[in-house]
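Q: Please take a close look at one part of the model shown here and describe its contacts in a connected account.

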Amino acid sequence: MIEIKHLKKEYTNITPLSDINAVINKGDVISLIGPSGTGKSTLLRCINRLNDVTSGEILFHGENIYDPKYSIHYLRQKIGMIFQSFNLFNNLNVIDNIMVAPVSLYKKDKTTAYKNAIELLDRFSLKDKEKCYPHELSGGQKQRVAIMRAIATDPEVLLFDEPTSALDPTMVDEVGNIIKDLSEKQLTMLIVTHELSFARKVSNRIFYLDEGIIYEEGTPDEIFNNPKKIKTQEFIFKSTSFEKNINKDKFDLYMLFSDLAKYLSEQGTRVSNLYDLYLVIEELTINEIFKNQLDNKDIIIRVRVNNNNITIIYSNLQDFNYEFTNTEDISNKIINSKIIDKTIDKENSRIIYLLDK
Amino acid sequence: MSFSSKNKKGLNIDIIFILIIIFIIIILCLYFFVFKKKNDVNQIKSIEDAKHSTIAVLTGSNAENVAHELFPEATIQTYNLNSDALYAVDMGNAKYGMALEFAIIDYNLNSGENRLEFVGDALDEKYTGIFFARNEINKKVLPLFNEYIKRIKSDGTLAEIDKRWFNHGDEILVFDFDKLDNSNGTLIYAIDSTYPPYTYIYNNQVVGFDVEVVYKFCKEYHYGLDVRPIDYSGMLVGIKSGKYDIGGGGNAITEERKKSVDFSEPLRKNKMCLFAKYNKSDNENITFIQKIKDSFRKTFIQEGRYKLFIDGLKSTIFMSIFSILLGTILSFAICLLRLTNSNLINKFCDIYVSILEGVPILVILLLFYYIIFNSTSLKGEYIAILAFSLNFSAYVSETMITAIKAVDIGQWEAAYALGFGYWTTFIKFIFKQSLIQIIPVYKGEVISLIKSTSIVGYIAVQDLTKMSDIVRSRTFEPFIPILSVALVYYIFSFLVALVLNRILLKFNWINKNYNKN
C-alpha cells in the first residue's frame with residue numbers, strides 16, 4: 001500500500017533520516033519507536049507531506065506522492081493524522097470539528113455528514129458532548145474527537161504522532177482500545193510512540209529507528225523479547241526497566257517499593273506475586289549487597305520484568321567484596337529459593353540476578 | 001477577562017452608572033461656569049501695567065505681532081480663536097487682551113452686558129484687505145479686483161456694504177455661490193469661518209463683509225466661487241502654498257505678510273485695542289437656570305445653529321466610518337503581506353509602520369493636505385480619511401499580525417493534514433481564532449481614531465469640533481458647545497464600542513459553554 005524508497009531528509013545541521021526503506025501493507029498497525037531525535041515524527045510527517053523530503057520517494061498505491069502532479073488534496077483525504085496535542089479547532093464545537101472537512105472540503109452533503117458524525121460520536125461514546133467546545137473536554141475526550149475528525153474523511157491510513165504523550169496514564173488504554181477497534185476495520189496505522197508497552201499491545205509490526213534508518217524491524221515479540229541488534233537491545237532494556245539510585249546510609253526501602261509499584265503500574269506490567277518480589281529485593285539489598293559493600297557510594301538498582309522471569313541488576317559496585325560473607329541463614333534461604341541464576345560481572349562492577357516469575 | 005459576557009441586567013446597571021457619572025460631571029462644569037473667577041475690583045489697568053502682565057491674542061494675527069513689539073516683557077498667550085482670547089480675559093486667565101475694536105464691542109453686545117473694557121487709546125491702526133495667492137490665475141484676477149474696489153469705493157457701494165455688516169441689527173444677506181456664472185473660471189476662496197463680521201457662518205451659510213465684496217466681484221466678472229471654510233492658520237499656509245486663490249477678510253495689511261502673499265486694495269481701517277475685564281458686572285442677579293437657558297438658546301436655537309452641529313456630526317461620522325473601513329482593509333492587507341514571510345516585504349512593512357507610528361497624525365494630515373495632495377482638488381474629507389486610515393492601519397496591522405502569530409502552529413498543521421489549503425485555513429481557523437485577541441485592541445484604536453478626527457479643522461473640514469469653534473466664535477460662550485461636543489463624541493464612541501463588543505461575543509468561544517442541563 002505504501003512503499004518508502006531511499007527516503008532522505010536533511011536539515012542544515014542534522015540529517016534525521018538518511019535512508020529509509022519500508023513496505024507497509026493494508027491493515028498493518030506499525031509502531032515507530034526509538035530514542036529521541038531519530039526522526040520518527042519526521043518520517044510520519046513525510047508520509048502526508050507535512051514535511052518535504054530531500055530525496056527518495058514514497059509510493060502510495062504505486063504512485064509517488066512527491067510527484068508535482070500528485071494531488072495533495074487526495075493524499076490528505078486518504079491519509080489522516082492525529083497529533084500529540086490534539087490540535088482541535090478551538091473556534092468550532094465538537095460536531096463542527098468532525099464535520100468541517102467532509103462538508104467544506106470533500107463536498108459531502110450536510111445532512112449525511114451530520115449523520116456520520118453523530119454515528120461516530122455514538123461509537124466513541126461522546127454523544128452528549130456534541131455541542132461542547134474543545135476547551136470543555138478532557139484530554140482523552142479531545143483525543144477521541146481528534147481521531148473522529150481524522151476518520152470522518154474516510155481515510156485508508158491513519159498517522160498517530162505520539163497520541164498518548166499528552167494523556168493521563170489511565171487514558172492510554174482508552175486510545176489503545178480505539179486503535180485496536182480501528183484495526184479491525186482494516187485501517188492501516190502508523191504510530192509514533194514512546195510507550196513501549198502501548199506499542200507492544202496495539203501493533204503487529206515495530207520499526208526501531210536509529211542512525212537515520214529503520215535499524216531493526218519485526219513483530220512486537222521479536223523486537224521486545226529478542227532484539228537482534230546491539231542498539232535495539234540497549235534501547236529496549238533501558239526503556240523497559242526500572243532504575244533507581246540507592247545508598248547504604250540513607251536507604252528507604254518503602255520508597256523503593258512504592259516507586260517500583262508505580263513504575264510497574266505505569267508500564268501495565270503484571271507481576272503475579274508482587275510480595276515475593278519485594279521480599280527478595282529486601283533481602284538482596286540489605287543482607288547481600290549492602291553488607292558486602294565496602295564504601296558508601298550510590299548503587300544503581302535495575303528491575304526488569306520479562307515474559308518468563310525477572311531480572312534484577314545492581315551496578316556501580318566499585319569497592320565490593322565479591323566473595324559474599326553472609327551469615328544469616330534465613331535470608332540465604334529466601335534468596336536461594338527464588339533466584340534461578342546469579343552472574344557476577346566484576347569487569348563492569350555489577351551483579352545480575354535472575355528470578356523466577 | 002474584560003470581555004466577559006454580561007447578562008442583560010448587568011449591562012443596564014453599567015449604563016445607569018455611566019449616565020450618573022456624566023450627569024455629575026456636567027453639573028460640576030456648569031457650576032464653575034457660573035461661579036467663575038471674580039476680578040479684584042480695585043485693580044489698576046493701564047498700558048504701563050500691561051507691559052509686565054499677560055496678554056491674550058489670536059495666534060498669527062496682527063495683534064500678536066503688535067503685542068510682541070509693544071510689550072516685549074509681557075507674557076503673550078496665543079489662542080486659536082479670537083473669541084477664546086476674549087473669553088480668556090473675561091474669565092481672568094489673562095489680565096489683558098489685544099484685539100480689534102469691533103470684536104470687543106461685538107463681545108459685549110453678545111453677552112448683553114459690558115464685560116470687557118478698552119484700556120487706553122488704540123495701539124495700532126491698519127488697513128485690511130483680502131489675501132491673494134501668487135499663482136497664475138491671480139495675475140489676471142488681482143488687477144480686475146483692485147479696479148473693482150476702486151470703483152465701489154467711489155460710487156458708495158462699499159460704504160453701503162460696510163454699514164450692513166458693522167451696524168448691528170440689520171438683516172443678514174445670504175449668498176448663493178452655486179448660481180454664479182463661472183465662464184471665466186472658478187476661484188477657490190478660503191475663509192476663516194470664525195471671524196465675524198468679516199467672514200463667518202450664519203444659519204449654516206458663509207456670510208460676512210468680505211464675502212459680500214468677493215461675491216459681488218465674482219458675479220460681475222463672471223467667476224465661480226468655491227468657498228472653503230478653514231482654520232485661520234490653515235488658511236494662511238494654504239494661500240502661501242497657492243492651494244487657495246484668495247483668502248479671508250479683515251486681514252491687516254503688513255509689510256511682513258506682503259513678502260509671501262499679495263493683498264487687494266485696502267477695504268477698511270481697523271483699530272487694534274488693548275482691553276481688560278470690566279470691573280463691575282451689570283447683571284449679577286441673573287439666576288443659574290436663566291443663564292443656562294440663555295446659553296443653550298444662543299448655542300443651539302439662535303440662527304439655527306443646531307444645524308451646524310448636525311452637519312459637523314455628519315462629517316465626523318462620515319470620516320470615522322470610512323477611515324475605520326478603509327483602515328481595516330489596509331491593515332488586513334498589510335497583515336497578509338507580512339504573512340508571506342518575504343524579507344523585502346517585511347522590511348517595507350516595517351518602514352511603513354515605523355513612519356506612521358512615529359509621526360503625529362496632525363503632521364501627517366498637514367503633509368498630505370499641503371504638500372502631497374496640494375495640486376489636486378481632492379476634498380479635505382477624503383484626504384483626512386486617507387491619513388487616518390493609514391495611521392490606523394499601522395497600529396492595527398501590528399496587533400493583527402501578533403495575534404495571528406500567537407495562534408498555535410498545531411492549528412495550521414491540523415488543517416493542512418485534513419486537506420485544507422493555506423487561505424482556507426487562514427480564514428476559517430487562524431484568523432477567526434485570532435479575533436479574540438484582536439478585537440479588544442481594535443476597539444481601543446477605533447475609539448482613538450474617532451477622537452482624533454477632531455483635528456481635521458486644520459485642513460478645512462467642518463467636523464463636529466470645528467463647528468463648535470464656529471459657534472463659540474459667535475456666542476462667546478464656550479461651555480455649552482464644548483460640553484455638548486464632548487458628550488456627542490462619548491456617545492458615538494460608546495455605541496461603536498458596544499457594536500464591537502457584540503461582534504467579539506460572537507467569536508469568543510471561550511465564553512461559549514454548552515451545558516446540557
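How many salt bridges does the rule find across the interface of chain B and chain A?

A: The model is predicted, so local features are reported only at pLDDT of at least 70 and side-chain atom pairs only at pLDDT 80 or more, while totals for chains, interfaces and linings use all residues. Residues are numbered from 1 along each chain as its sequence is written, chains are lettered from A and ligands numbered from 1 in the order of writing, and side-chain values use heavy atoms, leaving out hydrogens and water.

The rule finds one salt bridge across the interface of chain B and chain A, a salt bridge being a side-chain nitrogen of Lys or Arg within 4 Å of a carboxyl oxygen of Asp or Glu. It joins B:Glu413 to A:Arg45, whose closest N and O atoms are 2.6 Å apart.

On the chain B side, helix 16 (409–418) and helix 17 (422–452) each give two or more residues, helices being DSSP runs of H or I with at least four residues, and strands runs of E with at least two, numbered from the N terminus. Helix 16 of chain B gives the most, with eight residues. By class, the chain B side has ten nonpolar, five polar and five charged residues; Ala, Val, Leu, Ile, Met, Phe, Trp, Tyr, Cys and Pro count as nonpolar, Asp, Glu, Lys and Arg as charged, and the others, Gly among them, as polar.

In total, 20 residues of chain B are in contact with 26 residues of chain A, contact meaning heavy atoms within 4.5 Å. The area buried between the two chains is about 2,100 Å², of which carbon and sulfur atoms give 60%; buried area is the accessible area (1.4 Å probe) that two parts lose on being put together, summed over both.

About 1,600 Å² is buried between domain 2 and domain 3 of chain B, with carbon and sulfur atoms giving 51%. The count of salt bridges between these domains is zero, and three residue pairs, both at pLDDT 80 or more, are in polar contact.

Note on methods
A polar contact is a pair of N or O atoms within 3.5 Å; within protein, one must be able to donate a hydrogen and the other to accept it, and residues adjacent in sequence count only if both atoms are side-chain atoms.
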